[in-house]
Amino acid sequence: MTIKLKKQVIEIFNIIKKKSTEIVAEDLAEELNIDYIVLMSAVNDLIAQDLGGFKEKEIYNVAPNEEGRVYLEKGFPERQLLNLMLESDVKEISLKDLMKKSGMERNIFYVGISNLKKSRWISQSKASGENKIFLIAEEFPQTEIEKFFDRFKENSIVDYSELSKQDKKVLDILNKRKLIKKIQRTKRIIYLTEIGSNISTSEIEELKQISKITPEMLSSGNWQKYDLKPFDVTKPGPLLKTGKIHPLVNLINKIREVFLSMGFTEIRGPIIESAFYCFDALFQPQDHPAREMQDTFYLNNPKTAKLPEKDRVLAVKEIHENGGDSGSIGWGYQWDIETAKKTVMRTHTTATTMRRLSEFYRNNDNVPVKVFCVDRVFRNEKLDKTHLAELTQIEGIVIDDNVTLCDLIGLLAEFYRKLGFKKIMTRPGFFPYTEPSMEVSVYYDKLGEWLEMGGSGIFRPEVTYPWGIREPTRVLAWGQGLERIAMPYYGRKDIRDFYVNQLKWLRQQSYLK
Ligand code: PHE
C-alpha cells in the first residue's frame, strides 16, 4: 500500500525519522526555519495517515519580573546600599543620610536594610541618640539569592523542573520578595507511531494537490488531472481584528431603542450643573449629607451657575422653608440662594429630569410626557467591582394623570424584559425626592445574586409643585446604572472591565448585540 503525502510533509517526515532525541515542536520549527503552524499542519497530515502524533507537556519556567530585572542589573537593594557604604568608605552612617544618599524609595530602602541585618553585615543602634548603621562584617560574599539570580544573566528563563532542592528554597525567598514571575507553557513533543518508524520511503508517494483552478486549466481541461485540496469548513477562519463599536455604546444604543419602542423621547442636560437642579429642586435639604464634599465634585471654575426665573427659585425656597402650597411643612430652615448657585459635576441625571419639569412649566405642556436620558454622572466614590466614580445613568420619567406605583413597576419590568432580563425585584427604598421610593434589582444568574440597578419612585409634591404639576398629575421617575446593567448583559463580574479596554475581551465581542 502506498501513502500519499504533500512534498513538504514528506520532507519533514524524513527529518523527524532521522532524529533520535525528543522532538520539541517549537525547536524543530526553528531549526527548519518554518512557521510553527506549517509544521503542526504537517504533523496533522502524519496523524491522519497514522504515521505520527504529538504529546503535550506542561512546563514551568521562572524569570525575574520587572523589579527583579532592575536588580539583575543594579544589584539587590542590600547590595546597592552596601556598595554605597564601601565606596564612600564609611563604617557608620546615620540611617537618614544613607537613605538620602541611596535615593531609594522608602520601602525598598528598608528591604535593603533588613536584608543587610539578616546577613549580619550591619547593625543598627540608636545609642548615640541618632539612628545609625554600622558596618560589622569584613567580607561580603555573594549571597545565595545573588548566585541564583546570576544565572538569569545568561538565560532569560530557567526551567523549574531542572532546579535542585536547594535552588527551589532560594527561589522561594525570591518569590516571597516578589521578584520572580512564573511562566507556564505547553510544550508539544512530536513522535512517530510504529507504522511511521517502520515505513520505508518507497511506500510514500508525493501528493500533488492544488487549491485553485485557473481559467487556463478549465479551458484546457487540465484540471481533471489534479487532486483538489478539499476545503475544511469546520476550521475557524482567521480572526478579523477590525474596529467595532464598544460594548457599552452598543448597549446604550439598544437602551435607546427600548425607550423609543415604549414611546419615550430622549432629553439631554449639562454635565456641569447647578446645585439648584442637582439638589434643591429635588427637595434635598442644604445640609443633606449627599451634598457633602465626599460625594459631590464641586467646581471652582465656573464657581456659580445661573438659576431659573426668580419666581421659580422663590417657589423652591418656600418649599424648603415651609412647604409652600404643596401641603408639606418643608424642612423648616432658612434656605440659602448662594448654596443653590454652586456648580457641581452632575451626580445624577435626575438634575436633567428637573430641567425637563421646569420646561414643562414654561411650555405649559400637556400630559403625558415620557422622556429618558442616558448620560454621564460623577461621584466622589471609591472604585470597586460594583462601583465607578464616573458612570452612565439611565433616567426615565412619565408625567401623566393618575399614574401609580403599579404603572412604575410595569414600566421597569417592561424595560428590563426588553433587554432580556426576566427576573426583577423592587424593594422599598428612600430618596429625598420620591414617595414612595423603590430600589430595583435584577437577578444575575452567573453570580447567583441580585444586582442593584438603581432607584425609582413617584416625585413628592415638594418636587412637582414649583413646576405647576399637581394632583391628579404625577411624575414616575427612575434612574439606573448603565454599567450595572452591562454586567449581567455581557456576563462580566467586575464593573471596571468596561473601562480598562481588555483587547482580548473586546475582540471577542460581536459586532451587533
Ligand atoms: N437619582 C437616583 C440615583 O442617582 C435614582 C432615582 C431617580 C431615584 C429617580 C428615584 C427617582 O441613585
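Student: Which elements each supply at least two residues of the lining of the second largest pocket?

Tutor: This is a predicted model. In it, β1 (3-5), α3 (36-48) and β10 (209-210) each supply at least two lining residues of that pocket. The most comes from α3, with 7 residues.

Student: How much space lies in the second largest pocket, and what makes a residue part of its lining?

Tutor: About 750 Å³ of space lies there. A lining residue needs an atom within 4 Å of a grid point of the pocket. For the second largest pocket, 21 residues line it. The closest to its centre are Lys6, Asp45, Lys229, Pro230 and Lys235.

Student: How do you know which class those lining residues belong to?

Tutor: By residue type: Asp and Lys count as charged, and Pro counts as nonpolar. By that rule, the lining of the second largest pocket has 10 nonpolar, 5 polar and 6 charged residues.

Student: What is the volume of the largest pocket?

Tutor: About 930 Å³. It has 39 lining residues, and the closest to its centre are Thr347, Arg379, Gln393, Phe431 and Tyr433. Two or more lining residues come from each of β16, β18 (434-444), β19, β20 and α19 (482-490). The largest share is from β19, with 7 residues. By class, the lining of the largest pocket has 13 nonpolar, 18 polar and 8 charged residues.

Student: Which pocket does the ligand take up?

Tutor: The ligand takes the space of the largest pocket. The test is that more than half of its atoms lie within 2 Å of the pocket's grid points.

Student: How many residues surround the ligand?

Tutor: There are 13, and the closest are His348, Thr350, Arg379, Gln393 and Tyr433. To count, a residue needs a heavy atom within 4 Å. This shell divides into 4 nonpolar, 7 polar and 2 charged residues.

Student: Which strands each supply at least two residues of that shell?

Tutor: They are β16 (390-401), β19 (449-459) and β20 (473-481). With 3 residues, β20 gives the most.

Student: What makes the backbone at Pro368 and Pro472 worth a remark?

Tutor: Most peptide bonds are trans. The bond from Val367 to Pro368 is cis, with omega near -5 degrees. The bond from Glu471 to Pro472 is cis as well, with omega near 5 degrees. Pro368 lies in the loop between α16 (350-363) and β15 (369-378). Pro472 lies in the loop between α18 (461-464) and β20.

Student: What is the phi of Asp50, and where is Asp50 found?

Tutor: Most residues other than glycine have a negative phi. Asp50 is not a glycine, yet its phi is positive, about 65 degrees. Asp50 is found in the loop between α3 and β3 (52-64).

Key
Residues are numbered from 1 along each chain as its sequence is written. This is a predicted model: local features need pLDDT of at least 70, side-chain atom pairs count only at pLDDT 80 or more; totals for chains, interfaces and linings use all residues. Side-chain values use heavy atoms; hydrogens and water are left out. On a 1 Å grid over the protein atoms alone, a cavity is a set of points where a 1.4 Å probe fits but cannot get out, and a pocket is an open set with protein on both sides within 12 Å along at least five of seven lines; lining residues have an atom within 4 Å of a point. Helices (H or I, at least four residues) and strands (E, at least two) are DSSP runs, numbered from the N terminus. Grid points are joined across faces, edges and corners, and a volume is the space filled by probe spheres set on the points.
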